[in-house]
Amino acid sequence: MSGPETDCFIVIGVSRPKLAAIFFSVMLISLFLTFHILYDSAVYSIQAATTISDGNKIAILTNRVSHLDNQPIGFPHRFHFPKTSRKLPQCLIIGVRKCGTRALLEMLNLHPRIQKAAGEVHFFDRDENYNKGLEWYRKKMPHSFRGQITIEKSPSYFVTPEVPERVRAMNSSIKLLLIVREPVTRAISDYTQLRSHAATSILPSLTTSIQQQASQTTSSISRTFEELSILPNGTVNMFYRPLVLSMYHQFILRWLEIFPREQLLLVNGDQLIEDPLSQIRRIEDFLGIERRISQHNFYFNETKGFYCLRTEMGDSKCLRETKGRRHPDVDPKLAIKYTYAYHTLVKQGRIVQPECH
Ligand SMILES: Nc1ncnc2c1ncn2[C@@H]1O[C@H](COP(=O)(O)OS(=O)(=O)O)[C@@H](OP(=O)(O)O)[C@H]1O
């Protein structure tokens, strides 16, 4: 049958309660989304700093620490954002022990493009860790955004023979930071640390044999730096470990056999104490990141006698009391003797002195 075509509407009957339920569901979903967006942006504005990388804006998590090295400020547990992941380090502070490795790491961590590993991981120098594999190591790293550089420091990497090759196997283009200090001062700092550890290592609960060992260590440590480092014939004991570790050349050579010189930056640890910014700028350039750390991030603490750090959030913190210990007075004549012995080795070509600015 044909007839005039009429437009017809299909009317679906919806009962009032159903309509109300749909309405409330939509309301709830929009409320949830609005709250989620507001919450995210609030958290980001507290915790994130924005930086520009290669023309792209990326939000950078500033996961800062309190003065006791590893405790995050703000959140009781390490809080991480979506879009962050744990990455293997692209830069390592390989040493040298007692040259300011902790101060350097904390200072670099002020940079929005840098995330530091909290403790010393000792992945490459301890077989029991190395054998756990790279995935274990990666899980020890902090969460970071794309474009951030993860840095780990373990000063014993520098002196452990297997480490350079192991690091190369992980990443042959990794950047290496080596902080050095005037060698005699470093040796005295090392001696001071060993003495202080030995003094605190004897506890009443220890077994007799451990107590004996500890008291032997203590008796050697209770000897003065001079007694330990000068032989009975009056010459410098170049086998005394704190002095051996100050002979940087023998360890550097191993690294330079594995890595090109451009991948290793020597940082001047004495300068880091006097004028931290001068060294931090060199490192920002070396890492190819914007110069974001400024004089504002440092202030001199008269009581501590060292520079302390100030974050963008206005928190200020000094390194803990084990950093910046008072050194024993060493007879200046002996200090000259060590220095002379050291320079004699340099002249004889048995030591290549590292140059840094
Ligand atoms: N800003 C600031 N605050 C405190 N201490 C500072 C700072 N900058 C460098 N230093 C020097 O760092 C020395 C400790 O070096 P490390 O951190 O490499 O020591 S360790 O190997 O990790 O034990 C430590 O050595 P000592 O003075 O012997 O304690 C300091 O001299």
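In the hairpin of β11 and β12, five residues lie between the strands, and glycine 314 takes a positive phi near 90°. This is a predicted model.

**Hairpins and antiparallel strands**

- β11 and strand β12 (residues 316–317) run antiparallel and are joined by two bridges.
- Leucine 309 stands opposite lysine 317 in β12.
- β11 is also joined to strand β10 (residues 298–301), by four bridges, and these two strands run antiparallel.
- Phenylalanine 298 has leucine 309 of β11 as its bridge partner.
- The hairpin of β10 and β11 has four residues between the strands, and here glycine 305 takes a positive phi near 80°.

**Ligand shell**

- The ligand is surrounded by 18 residues, of which Thr101, Arg102, Ala103, Ser189 and Phe306 are the closest.
- Two or more residues of the shell come from each of α2 (101–108), α6 (183–201), α11 (269–274) and β11 (306–310).
- With three residues, α2 provides the largest share of the shell around the ligand.
- The shell comprises eight nonpolar, five polar and five charged residues.

**Parallel sheet**

- An open sheet is formed by five strands in the order β5-β7-β4-β8-β9, with parallel pairing.
- Leucine 92 stands opposite glutamate 152 in β7.
- Helix α12 (residues 276–287) packs on the sheet and touches β4, β7, β8 (175–180) and β9.
- The direction of α12 makes about 170° with that of β9.

**Packing of α5 and α10**

- Two packed helices are described by the angle between their axes and the distance between the axes.
- The axes of helix α5 (residues 163–170) and helix α10 (residues 248–258) cross at roughly 30° and come within 9 Å.
- The two helices, α5 and α10, are therefore roughly parallel to each other, angles under 35 degrees being counted in that class.
- The crossing in which α5 passes α10 is right-handed.
- At the contact, Pro164, Glu165 and Arg168 in α5 meet Arg254, Trp255 and Ile258 in α10.
- By class, this contact of α5 with α10 has three nonpolar, three charged and no polar residues.

Conventions: Residues are numbered from 1 along each chain as its sequence is written. This is a predicted model: local features need pLDDT of at least 70, side-chain atom pairs count only at pLDDT 80 or more; totals for chains, interfaces and linings use all residues. A residue is near a molecule or strand if its C-beta atom, placed from the backbone, lies within 6 Å of it. Ala, Val, Leu, Ile, Met, Phe, Trp, Tyr, Cys and Pro count as nonpolar, Asp, Glu, Lys and Arg as charged, and the others, Gly among them, as polar. Two strands pair if DSSP finds at least two bridges between them. Two residues are in contact if their C-beta atoms, placed from the backbone, lie within 7 Å. Axes are lines fitted to C-alpha atoms, for helices over the stretch in contact, and angles run from 0 to 180 degrees between N-to-C directions. Angles under 35 degrees count as roughly parallel, over 145 as roughly antiparallel, 65 to 115 as roughly perpendicular and the rest as oblique. A crossing is left-handed if the near helix is turned anticlockwise from the far one by less than a right angle, and right-handed if clockwise.
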